[in-house]
Amino acid sequence: MILSLFSRKAKANEAITIALYDAIVAAARQPYFYSDLEVPDTPLGRYEMLSLHVFLFMRRIKDRGPALKPVGQEVTDEFFRDVDHSLRELGIGDSGVPKRMKKLARMFYGRIESYDRALETNDHPALVAALARNVRPDSDGWTGAPALAAYVERTVRHLDGQSDDDIVAGRVTFPDASTDDTLL
């Protein structure tokens with residue numbers, strides 16, 4: 001009987017994690033990023049957008065209460081499980097996955113630091129530069145970076161407007177990247 005209680009709670013937590021992660025993935029896969037902003041529609045480009053949205057979610061729940069801390073850890077764990085799975089689907093063997101995972105984890109945490117610093121200091125040019133450097137390192141003067149930075153700033157405000165209770169229940173939304181809701 002006790003084990004069934006733990007099992008139900010674990011399944012509920014897993015369902016919440018999956019619901020949140022699915023919303024993050026859906027936001028990162030918005031076609032606008034790849035068509036209009038010219039984010040590369042490649043595994044690395046998709047990783048950049050996914051890691052950006054995971055960061056935005058993590059930033060929203062950071063220091064917001066004890067109920068959100070385990071949610072954040074579970075979503076981060078799901079992100080890295082997804083990245084591991086994607087590497088394997090790309091044909092990277094068991095011996096190469098850990099090395100690539102370490103590199104991708106370093107990239108992720110480095111991006112978190114630069115994006116968070118720019119947002120904390122309200123430094124729009126630094127956010128534009130960090131996004132350009134990370135999302136399109138192959139392009140000098142990527143024209144999509146300012147629009148992506150504006151989307152990031154709108155998303156921060158959008159996420160801040162959502163209740164902790166909704167997030168703990170597995171409900172989170174992201175704005176439509178193709179609309180500028182500041183004009184509405």
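Predicted model: local features only at pLDDT ≥ 70, side-chain atom pairs only at ≥ 80, totals over all residues.
Figure 1. Look next at the N-terminal end of helix 6, which is capped by Asp123. A side-chain oxygen of Asp123 lies 3.1 Å from the backbone nitrogen of Ala126. Further along, you can pick out the buried residues of helix 6: Leu127, Val128, Ala130, Leu131, Ala132, Asn134 and Val135.

Figure 2. Asn122 sits in the loop between helix 5 and helix 6. Its phi is near 55°, a positive value in a residue other than glycine. Most residues other than glycine have a negative phi. Is Asn122 buried or exposed? At a relative accessibility of 68%, Asn122 is above the 50% cut-off, so Asn122 counts as exposed.

Figure 3. Stepping back for a moment, you can count 8 helices and 0 strands in the protein. Followed along the sequence, the pattern reads α-α-α-α-α-α-α-α. The protein has 184 residues, and buried residues make up 43% of them.

Figure 4. Helix 3 covers residues 43–61. With 19 residues, helix 3 reaches 27 Å from its first C-alpha to its last, close to the 27 Å expected at 1.5 Å a residue. How many of the residues of helix 3 are buried? The count is 16 of 19, and helix 3 is thus mostly covered. Leu52 and Arg111 are 59 residues apart along the chain, and their C-alpha atoms are separated by 8.0 Å. Glu38 is not a glycine, although its phi is positive at about 60°. With a relative accessible area of 45%, Glu38 is partly exposed. Just after helix 3 comes Asp63, where phi is again positive, at about 55°.

**Figure 5. An aromatic pair between helix 3 and helix 5.** Across the whole structure, a search finds 9 aromatic pairs. In the pair of Phe55 and Tyr115, the ring centres are 5.8 Å apart and the planes meet at 55°, so the pair is tilted. Which helices does this pair link? Phe55 is in helix 3 and Tyr115 is in helix 5 (residues 97–120), and the two are 60 residues apart, so distant parts of the chain are linked. Both partners are buried: Phe55 has a relative accessible area of 3%, and Tyr115 has one of 2%.

**Figure 6. A cluster of aromatic rings.** This view gathers five residues: Tyr47, Phe79, Phe80, Phe108 and Tyr109. Ring pairs link these residues into a cluster.

**Figure 7. The second largest pocket and its lining.** Rolling a probe the size of a water molecule over the atoms shows where empty space is left. The second largest pocket holds about 270 Å³ of space. Its lining is made of 14 residues, and those nearest its centre are Met58, Ile61, Lys69, Gly72 and Gln73. By class, the lining of this pocket has 6 nonpolar, 4 polar and 4 charged residues. Which helices supply at least two residues of the lining? Helix 3, helix 4 (68–89) and helix 5 each do. Helix 4 gives the most to the lining of the second largest pocket, with 5 residues.

**Figure 8. Leu159 and Val172.** To finish, turn to helix 7 (residues 145–160), where Leu159 has its place. Leu159 is buried, with a relative accessible area of 1%. Leu159 and Val172 are 13 residues apart in sequence. In space, 7.7 Å separates the two, C-alpha to C-alpha.

Definitions and conventions:
Residues numbered from 1 in each chain as written. Heavy atoms only, no water. Phe/Tyr/Trp six-rings, centres within 6.5 Å; stacked < 30°, edge-to-face > 60°. Helix = DSSP H or I, 4+ residues; strand = E, 2+ residues; numbered from the N terminus. Buried < 20%, exposed > 50% of the residue type's maximum accessible area, 1.4 Å probe, protein only. 1 Å grid on protein atoms, 1.4 Å probe; cavity = no way out; pocket = protein on both sides within 12 Å on 5 of 7 lines; lining within 4 Å. Points joined across faces, edges and corners; volume = space filled by probe spheres on them. Nonpolar A, V, L, I, M, F, W, Y, C, P; charged D, E, K, R; others polar. Polar contact = N/O pair within 3.5 Å; in protein donor to acceptor, adjacent residues only side chain to side chain. Expected span 1.5 Å × (residues − 1).
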